[in-house]
Amino acid sequence: MTKFRLYLDKDKETAWINQMAQDGYALTGFFAGFYQFEACEPGEYIYQIDFGSKFATVSDDYRNFMQENGIEIVCLWGYWIILRKRAAEGDFTLYTDVDSNIEHYTKILKMFKAVTILELLSFMIEVFAAMNGAAIGFFGMLFIGIIIVAMMRASLSTKLLINELKDRKGEPAAKGLASGNVSPVLITGLLLNAGATALHNSTLSPTVVTIAQVAAIIIMLIGIYQSRNVFTK
């Protein structure tokens, strides 16, 4: 059985996979949002998702450690490692203390930040391509814009989680994180930019279209500034 899901929250993803296992479907593989399941005894497996230090691979030490503890590496996807253990062998938790959880989520946050910055650079390239009349630039810009917003939301949500963990330790946490939402100004700028780009092939004056494009980019930059907590510690 194949199911399609898109997750940036690994805790929600883990909960869903474990619910599938409780319902009698064991995850056996994953690729680009497509999850492969096979029938199993309800509750036969417990799943966890780890974040590795290498892309699409794990060290021999990591693999041997998991095998020694009765843990199976189901599959690798980028830096994500999907693991499972038979429920009959006992509880399965990867990080049992606050410090290791903070370290774990900090690694994930760094990845989200890096991807966000790369996507912002790619977005600007697509904007210039679209302004020069490339249709693929327009659609690429829309697609990358969605990814940027999703990554920024995931970054802020992860920061909130790290803050909660630090608060449990009594450590000072980052300020100004009232919620895990991206500035609505950024989303408005992305939408306006898409509309302005679409006007490049219209009968409107090129000057009007350029002004609209520049205004949209300025609004986007303001939105990025208002969402700067994504990039700060």
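## An exposed loop residue

Ala88 is exposed, with a relative accessible area of 81%, where exposed means over 50% relative accessible area, buried under 20% and partly exposed in between, using a 1.4 Å probe and protein chains only. This residue is found in the loop between strand E6 and helix H3, and its C-alpha lies 9.2 Å from that of Gly43, although Ala88 and Gly43 are 45 residues apart in sequence.

The model is predicted, so local features need pLDDT of at least 70 and side-chain atom pairs count only at pLDDT 80 or more, whereas totals for chains, interfaces and linings use all residues. Residues are numbered from 1 along each chain as its sequence is written, and side-chain values use heavy atoms, with hydrogens and water left out.

## Overall architecture

Of the 233 residues in the protein chain, 40% are buried.

## Nonpolar core

In soluble globular proteins, nonpolar side chains tend to be buried together. Here the largest nonpolar core has 29 residues, and those with the most contacts inside it are Ile17, Leu27, Tyr35, Tyr47 and Ile82; such a core is a set of buried Ala, Val, Leu, Ile, Met, Phe, Trp, Tyr and Cys residues joined through side-chain atoms within 4.5 Å. At least two residues of this core come from each of helix H1 (10–22), E2, E3, strand E4 (45–51), E5, strand E6 (80–86), helix H3 (98–131) and helix H4 (135–169). The largest share, seven residues, is supplied by H3.

The structure holds zero disulfides, a disulfide being a pair of cysteine sulfur atoms within 2.5 Å.

## Aromatic pairs and a charge over a ring

Rings of Phe, Tyr and Trp (its six-membered ring) pair if their centres lie within 6.5 Å, and planes under 30 degrees apart count as stacked, over 60 as edge-to-face and the rest as tilted. By this rule the count comes to twelve aromatic pairs. One of them joins Phe4 and Phe34, whose ring centres are 4.9 Å apart and whose planes stand at 50 degrees, so the pair is tilted. This pair links distant parts of the chain, with Phe4 in strand E1 (residues 2–4) and Phe34 in strand E3 (residues 34–39), 30 residues apart. Phe4 is partly exposed at a relative accessible area of 42%, and Phe34 is partly exposed at 42%.

Phe30 and Trp77 form an edge-to-face pair, 5.6 Å centre to centre and with 80 degrees between the planes. Because Phe30 lies in strand E2 (residues 25–31) and Trp77 in strand E5 (residues 71–77), the pair ties together parts that are 47 residues apart in sequence. Phe30 counts as buried at 15% relative accessibility, whereas Trp77 counts as partly exposed at 35%. Both residues belong to one aromatic cluster, formed by Tyr7, Trp16, Phe30, Phe31, Tyr35, Phe37 and Trp77. Elsewhere, Arg84 lies over the face of Tyr45, at 3.9 Å from the ring centre; a charge sits over a ring if NZ of Lys or CZ of Arg is within 6 Å of the ring centre and within 35 degrees of the ring normal.

## Helix H6

Helix H6 (residues 206–226) has 21 residues and reaches 30 Å from its first C-alpha to its last, close to the 30 Å expected at 1.5 Å a residue, the expected span being 1.5 Å times one less than the number of residues. Its buried residues are Val209, Gln213, Ala216, Ile217, Met220 and Gly223. Seen down the axis of H6, the buried residues fall within an arc of 120 degrees, so they line one face of the helix; the arc is that of the directions from the helix axis to the C-beta atoms. The face of H6 turned away from its buried side carries the exposed residues Thr207, Ile211, Leu221 and Tyr225.

## Alanines with positive phi

Ala32, in the loop between E2 and E3, has a positive phi of about 50 degrees although it is not a glycine, and this alanine is partly exposed, with a relative accessible area of 36%. Ala56, found in the loop between E4 and helix H2 (60–68), has a positive phi near 60 degrees and counts as partly exposed at 41% relative accessibility.

Conventions
Helix = DSSP H or I, 4+ residues; strand = E, 2+ residues; numbered from the N terminus.
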